Amino acid sequence: MIVETAVDFLFPSWWEVKVSVAAALFVITAYWLFTYGGGGGDSNRSSSAGDNSAGDDIDGSKYKMGELKGDFNVNSAYIIKVELLAAKNLIGANLNGTSDPYAIITCGTEKRFSSMVPGSRNPMWGEEFNFSVDELPVEINVTIYDWDIIWKSAVLGSVTVPVEREGQTGAVWHSLNCPSGQVCLHIRTVNSSRGLNGYTGGNPRRRIPLDKQGPTVVHQKPGPLQTIFDLPLDEVVEHSYSCALERSFLYHGRMYVSKWHICFHSNVFSKQMKVLIPLGDIDEIRRSQHALINPAITIILRLGAGGHGVPPLGSPDGRVRYMFASFWNRNNALRALQRLAKNHHAMLEAEKKEKEQSAIRAHSSSVRGGKRQVKIPEESAPKSGKLQPFIREEVLVGIYDDVFPSTAEQCFDLLFNDGSQFTNEYRAVRKDTNLVMGQWHAADEYDGKVREITFRSLCNSPMCPPDTAMTEWQHVVLSPDKKALVFETVQQAHDVPFGSYFEVHCRWSVETNSESSCTINIKVGAHFKKWCVMQSKIKTSAINEYKKEVELMLDIARSYIKSRTSGSEIDDVAAPPSVIQENNNTSIPS
């Protein structure tokens, strides 16, 4: 009896074996679904600076942005490269006599965060931070903090280093403004025309000072990007995810994704954490794991970008990174972030090409030998033998097609030639001021001739200032038999909201029908160099406004040609202008 009882106690029953096997299968299946489900692929795990698996992934589980050609930042005069090398003899802020130091480097309005080195009074960083400034001298401030899981970070000391000229300082130890502690910095300043290898600034949306901002035109309720992160009103949330930021432990919060930033906000134990990552600073977005079983996403920033808002995780190669875990659907969020980064990269490339085209157009249309001639970079110069398109054909829509009492040759000689007063009379009727007209001249980049005119135009929209500065680049081609004329314009408004985001492109196609008449076909459209929230409204308004301009311009042109034509009868061959109608009648300044 005792032996049977011992056997029953030591060896499981068949029912217990089945329950154990079923439980083991359930655990294995759940682990596989959490780790690999929904996205396919795997991740090679490595342990470095708190990331248990930031290794390379396969089957599309990571996205690396291509090297951006050129600087997509604004045209700042200087680039300052600050290397945070190390610190020594810092104050021990923890109970065990050590600290968890990290640094905040500030230059003007730009602020960067270094990674946090746990449990050290002599941290080694070896991280780079690049800043763009308009003028020298400037001051670089480095403040070292002690990271605390719950409470506010304590200041361990700071130092301010002036940068007065180009050049480099070498590795220099600077004493902190505290009883103990030094920090080692290497600062290099170069002219932005020469540039630096690597990151030179990736945020294309540099904040404009409040005293220089134009009127706010986006009439919508501020969202979390505005109330939490103080971003412009035209930046809206594309995606939103519940997740957690990996630091000393997981700080749960919410991620907000827009076309320009990946933002994260957390408020755990009354410790607020805000991460604001410009998409232009991102080098890689990869799949990873936290604590082996928690699916995560690691965002690696470009060398020199530095952290934004919260100390990031460090890496041996000097790039910093942020890890986000505890997504409801990690793979869905990963694909959305990678797609967003890819679209942003494509947008930056398109903006660069558009800047090159604008530089070529401005260079070609400026007066040769004049003071206003624009210098374009060598890489933007067109290839020999290949002419550039002056306007974007794909954005044009027809607004006018009718007969006009003049020939194509007369249209050019009387209306558009250098000696014509038509443009002066037309702009005077519109009450435009400060008209400056360049001379027609040939350009290597385009066939025909080009010129540039500038003026100030009245604004009809309540969202705009009373008037705005305008630049109009003009391009004209007259056929050898002088029976066909193509007249193209590109208008750029400088003082209206979103004025730098778009251009108004127009084409006049004139063909002679008889000795005293021709057919005029007019197309117009808005070409957007950048995306903006009011894009559809601006496009419709630009077309409707130009329709009004066409009616006025043709009326003045008829009178002008009739008054300057002698010895021939110019009958009213053309019927009243038949302008193609559209529903929306809103307007923006021309």
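This is a predicted model: local features need pLDDT of at least 70, side-chain atom pairs count only at pLDDT 80 or more; totals for chains, interfaces and linings use all residues.
Me: How many disulfides does the rule give?

Reply: A disulfide is a pair of cysteine sulfur atoms within 2.5 Å, and by this rule the count is zero.

Me: What makes Q439 partly exposed, and where is it found?

Reply: Q439 has a relative accessible area of 45%, so it is classed as partly exposed. Q439 is found in the loop between β18 (433-437) and β19 (441-442), where strands (E, at least two residues) and helices (H or I, at least four) are DSSP runs numbered from the N terminus. Q439 and I453 are 14 residues apart in sequence, while their C-alpha atoms are 9.0 Å apart in space.

Me: Is S288 buried or exposed, and how do you know that?

Reply: S288 has 0% relative accessibility and therefore counts as buried. S288 lies in strand β14 (residues 282-290), and its C-alpha is 6.2 Å from that of T298, ten residues away in sequence.

Me: Why do the buried residues of α6 line one face of the helix?

Reply: The buried residues of α6 are F422, T423, Y426 and R427. Seen down the helix axis, these residues fall within an arc of 125 degrees, so they line one face of α6; the arc is that of the directions from the axis to the C-beta atoms. Among the elements that cover them are α5 (408-416), β18, β20, β21, β22 and α7, contact being heavy atoms within 4.5 Å. Just after α6, K431 takes a positive phi of about 65 degrees.

Me: What makes a space a cavity, and how many of 30 Å³ or more does the structure hold?

Reply: On a 1 Å grid over the protein atoms alone, a cavity is a set of points where a 1.4 Å probe fits but cannot get out, whereas a pocket is an open set with protein on both sides within 12 Å along at least five of seven lines; lining residues have an atom within 4 Å of a point. Of the 16 residues lining the largest cavity, R427, E472, Q474, F487 and M553 are the closest to its centre. The largest contribution to this lining comes from α6 (422-429), with four residues, while β20 (449-458), β21 (467-478), β22 (484-493) and α7 (535-564) each supply at least two.

Me: Which residues lie closest to the centre of the second largest pocket, and which element gives the most to its lining?

Reply: The second largest pocket has a volume of about 380 Å³. Among the 19 residues that line this pocket, the closest to its centre are K259, N343, H344, M347 and W531. Two or more lining residues come from each of α4 (330-365) and β24 (518-528), and α4 gives the most to this lining, with ten residues.

Terms used:
Residues are numbered from 1 along each chain as its sequence is written. Side-chain values use heavy atoms; hydrogens and water are left out. Buried means under 20% relative accessible area, exposed over 50%, partly exposed in between (1.4 Å probe, protein chains only). Grid points are joined across faces, edges and corners, and a volume is the space filled by probe spheres set on the points.
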